[in-house]
Amino acid sequence: NTRETFRPALLALGDSAFQQRDWFRAETILGDYLSFGLELPSADDGLMKLGIAMHRQDNLEAALREYDRLLEQFGSSAHRQQALFERGQALVALGRNDDAAESFARALDAGSDSLFAGHALNHLGAIAMKDDDYVNAAAYFERAAQTDADPGLRAASLHQQGEALMAARSYGPAATVFARLVQEHPAAAQVREATALEAIATARAGNHGSALGRIEQAEASVGASIDDTLAATLAYEKAWCLRELGRPQDAEAAYVAVIARPGDGQLGLHAELELAELKMKANRYEDAAELLTRLQQRIAVTADVPEAVTTQTVYHLGLCQYRLKNHREAIAALESFIERNPLDERVPSASLLCGDSVFHGPCGSTIHFLSDIQCQGLRLFSLGLVLGSPFDGLLGVDDFLLKCLSTASQLVTRLGVLRLLLPGLRKQSFGFGLPLF
């Protein structure tokens with residue numbers, strides 16, 4: 001019921017409350033002003049501020065309605081680009097990312113060199129990251145870094161571009177972007193992280209010699225000021241570089257340091273597995289088996305362990321126990337591996353080793369593993385082999401296998417016969433790098 005002569009004062013009061021960030025009061029007064037119609041002076045300015053006041057109070061649906069009213073009623077308003085941008089932010093908050101991306105794209109169309117362009121591009125990059133579209137995300141962040149926005153926004157955009165390239169496994173370009181951030185924005189908040197990430201990206205690009213130097217420099221300059229997870233990742237990549245550079249003893253020490261660090265528990269699991277692999281390569285099977293046993297116990301109480309880590313741990317433990325002639329333990333590990341991963345390319349090898357362990361230990365499941373091998377399509381027992389003296393020409397191996405499978409009561413006898421033939425069969429490796437038995 002405000003008189004017409006006093007209505008302009010409502011706009012001024014609403015603007016004053018808006019400038020003071022008194023969002024509720026601004027919403028109330030500007031709402032009163034606009035209730036008299038959109039033909040009033042500066043109605044588009046009032047709509048813009050009313051929408052923002054609602055937005056800042058998390059009244060997102062109401063804010064969207066005001067932004068849409070402005071866009072529909074004032075197509076040539078100076079506030080059009082901001083309305084599109086704010087609309088996009090409200091849609092992001094509502095989880096409507098596709099609609100938000102459309103709104104940000106329209107904001108860019110309204111002026112790619114404006115104050116809002118860099119922020120809109122960053123939002124588009126973030127939406128692309130959520131959609132796992134890392135290539136387009138990197139492109140958006142690159143454009144954002146090239147806008148006339150403030151240096152802080154450009155530095156943040158470069159950092160996000162580097163992270164998107166890392167996610168896309170474009171490690172060489174990522175290292176270049178992080179190096180650019182450090183060089184062009186030395187005072188930026190992201191510099192310490194970028195220093196570490198440049199070294200990590202260089203390592204993952206396969207430049208292990210160069211990466212090792214960068215990692216050691218990063219550890220010395222920023223290692224104490226980055227978060228635990230990033231510091232652990234830096235240490236892990238150092239261990240990997242040492243391993244790839246043929247320095248196993250230094251690599252082992254580096255892996256031990258990774259395992260002792262706080263930070264990413266998943267990374268510690270990978271480090272323990274790779275440390276065990278180094279010990280196996282050095283024929284230190286007892287040390288490796290002890291480490292893998294502890295790792296298996298950790299996996300059992302850790303959430304979201306990658307299947308590859310679990311699989312590799314069980315398989316390597318089985319190999320170690322086989323080498324140590326701990327046949328019961330070898331059978332348990334290898335049988336678990338086979339049951340868990342029936343289609344894995346290592347199943348034939350695991351079956352052979354498991355069968356051999358049964359021969360040298362308990363004999364309950366030998367034919368199971370030998371027949372499993374046959375079912376794999378290998379037909380190791382039908383490769384034209386014929387039993388040697390004194391059975392030459394009497395019994396083909398396929399016939400032998402069938403007779404062994406015919407009755408459980410004959411199993412022990414047939415295994416005894418097969419044992420007599422082991423010296424001849426041991427000579428056959430069939431490409432596994434290990435004798436059959």
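Biologist: Where is Leu-292 placed?

Modeller: Leu-292 is in helix α16, residues 285-300; helices here are DSSP runs (H or I, at least four residues), numbered from the N terminus. This is a predicted model, where local features need pLDDT of at least 70, side-chain atom pairs count only at pLDDT 80 or more, and totals for chains, interfaces and linings use all residues. Residues are numbered from 1 along each chain as its sequence is written, and side-chain values use heavy atoms, with hydrogens and water left out.

Biologist: Is Leu-292 buried or exposed?

Modeller: Leu-292 is buried, with a relative accessible area of 0%. Buried means under 20%, exposed over 50%, and partly exposed in between, with a 1.4 Å probe and protein chains only.

Biologist: And what is Leu-292 in contact with, leaving aside neighbours within four places in sequence?

Modeller: Leu-273, Ala-276, Met-280, Thr-313, His-316, Leu-317 and Cys-320, where contact means heavy atoms within 4.5 Å. Ala-276 is 16 residues from Leu-292 in sequence, and their C-alpha atoms are 6.6 Å apart.

Biologist: Switching to helix packing. At what angle do α17 and α19 pack?

Modeller: About 35 degrees, with the axes of α17 (307-323) and α19 (347-360) 11 Å apart. Axes are lines fitted to C-alpha atoms, for helices over the stretch in contact, and angles run from 0 to 180 degrees between N-to-C directions.

Biologist: Left-handed or right-handed crossing?

Modeller: The crossing of α17 and α19 is left-handed, that is, the near helix is turned anticlockwise from the far one by less than a right angle.

Biologist: Which residues meet there, α17 against α19?

Modeller: From α17, Tyr-315, Leu-319 and Tyr-322; from α19, Ser-349, Ala-350, Leu-353, Asp-356 and Ser-357. By class, that contact has five nonpolar residues, two polar and one charged. Ala, Val, Leu, Ile, Met, Phe, Trp, Tyr, Cys and Pro count as nonpolar, Asp, Glu, Lys and Arg as charged, and the others, Gly among them, as polar.

Biologist: Now backbone. What is phi of Asp-132?

Modeller: Near 60 degrees, a positive value in a residue other than glycine. Most residues other than glycine have a negative phi. Asp-132 lies in the loop between α7 (117-130) and α8 (134-145), and is exposed at 51% relative accessible area.

Biologist: And Lys-325, where does that lie?

Modeller: In the loop between α17 and α18 (327-340). Lys-325 also has a positive phi, about 60 degrees, although it is not a glycine. Its relative accessible area is 63%, so Lys-325 counts as exposed.

Definitions and conventions
Helices (H or I, at least four residues) and strands (E, at least two) are DSSP runs, numbered from the N terminus.
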